[in-house]
Amino acid sequence: MEFSVVISYFPRLLDGAWVTFQLVLLSIVLGAIFALPIALARISSSPLVRVFPFLYIFFFRGTPLLVQIFLVYYGASQFEVVKESIFWPILREPFWCAIIAFTLNTSAYTAEIFRGAIQAIPVGEVEACKVVGMTRVQMYRRILLPRAFGIVLPAYGNEIILMLKGSALASTITLLDLTGMARTIIARTYTPIEIFLAAGVIYLVISMVIIAIFKQVEKRQNRYLGPINVKVPDKG
Amino acid sequence: MKMKKFAVTSLIFAGAAMTSLSVQAADKVKIATEGAWAPFNFIDDSGTAQGFDVDIAWALCEKMKADCEVVTQDWDGLIPGLKVRKFDAIIASMSITEERLRVVDFTNKYYSGGLRFLGEKGTSFDLDNLDGKVIGAQRATLGAQYLEDNFTGKADLKFYDNQDNVYLDLLAGRLDIILSDELPTYNWLKSSESGEKFEFKGDAFQKNDEIGIAVRKGDKLKAKFDKALEEILADGTYATINAKYFPFSIY
């Protein structure tokens, strides 16, 4: 073991971690934005509306993320049409290709999580909304979505951590994220164990931060689920 | 009682099996190659490794009278894999470099190469001013190292997992220039349809680049390989293999 290489290359690993952070943050934010309408369409009562989100989710959950990244990065660039289109400046960049693939992938998973949360709300609450005369939009805005937000948190935190680890695949399309940077350093030093260990520790720290944030948000959002704290007056 | 007897017999059998294994292991050599570096090593349609490296490997095994197996492994996992004994030798067009010599031993060279730039026909570039140019190479190769050492900050450098992806991105227009070993690129220019749009830029350099077989540090296999190499060079086997891939000597 030669841990001096970890010290000398640590700043470069941190540069990689920064790229990883940007990739994960951007794709989960965009993914969540896309996921909401997909989830709502998925629970539509019309089978015609339901079929599109179903196919979308089926495709992106059913194929490996690596394949999706390769399709966006190497696949799209095979076509002259794509290269001459206005999208080429974006599709040319590996960073944006990764963002596109990650966003599509995570939005499919997130949509399913959202759908499950909305459907987990007791029917009684939906009926109550209708009884007091709320419109559909009001019902979703005031009751269902805020309620779903609380239910979604544990599963959604999971998805973000999965995305963090999935982002390592960005290294296959020349991006120098944490994994890509580690591999580039190893190509130089031939110390895979030391450098990968260091990269693993950085991933762990990022996960810990995500877990801590979610714990706080959950605590605030789901206060009503916390331990019951009722003062019983003393006898006498 | 019965159980005990069973345990003892099975122990004896296991012991016998293990000794026979270690006897065999003496001439069993597992050789790794990459499989993405035509014409030196590539996977043919039936899924087996082929190419100059692989032919050399089999020729050497024949001389060494060893029971060989050729496996493929991604490029940047070759040296780590050798170190943890997943295989015993690397015959994958690996250049003998000081950095690699710190972790593995190399046999004498079995061919020599050089680096050369490649770009689209009709374009030109100035090595002293590469601002805004994107240069690609395979990660963990001499070419990548040369780019890192000489052009970090002077050009946009991109590193790939294998050479096929470098060509793909050159064709896609994401790369202006690539730097790679001259011989496989010579083969790509000659043999692939898309090769005709591109040409070598400038002369080959680092021609003292010697390609050897990597083995674990201190492994006796090195001496055996060196002896077998001498034999195939002397008896013309090497020349026959060479002629199969290149019309000139690459030794």
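Guide: A crossing of two helices is called left-handed if the near helix is turned anticlockwise from the far one by less than a right angle, and right-handed if clockwise. This is a predicted model, in which local features need pLDDT of at least 70, side-chain atom pairs count only at pLDDT 80 or more, and totals for chains, interfaces and linings use all residues. Residues are numbered from 1 along each chain as its sequence is written, and chains are lettered from A, ligands numbered from 1, in the order in which they are written.

Visitor: How do H1(A) and H2(A) cross, left-handed or right-handed?

Guide: Two packed helices are described by the angle between their axes and the distance between the axes. Here H1(A), residues 4-42, passes H2(A), residues 47-62, in a left-handed crossing, and their axes come within 7 Å and cross at roughly 130°. The two are therefore oblique to each other, since angles under 35 degrees count as roughly parallel, over 145 as roughly antiparallel, 65 to 115 as roughly perpendicular and the rest as oblique.

Visitor: Which residues of H1(A) make the contact?

Guide: Residues are in contact if their C-beta atoms, placed from the backbone, lie within 7 Å; H1(A) contributes Ile38(A), Ala41(A) and Arg42(A), which meet residues of H2(A) including Phe52(A) and Tyr56(A).

Visitor: How many residues of H6(B) are buried?

Guide: A residue is buried if 20 or more other C-beta atoms lie within 10 Å of its own, exposed if 12 or fewer, and partly exposed in between. In H6(B), residues 163-171, seven of the nine residues are buried, among them Val166(B) and Leu170(B).

Terms used
Axes fitted to C-alpha atoms, helices over the stretch in contact; angles between N-to-C directions. Helix = DSSP H or I, 4+ residues; strand = E, 2+ residues; numbered from the N terminus. Contact = placed C-beta atoms within 7 Å.
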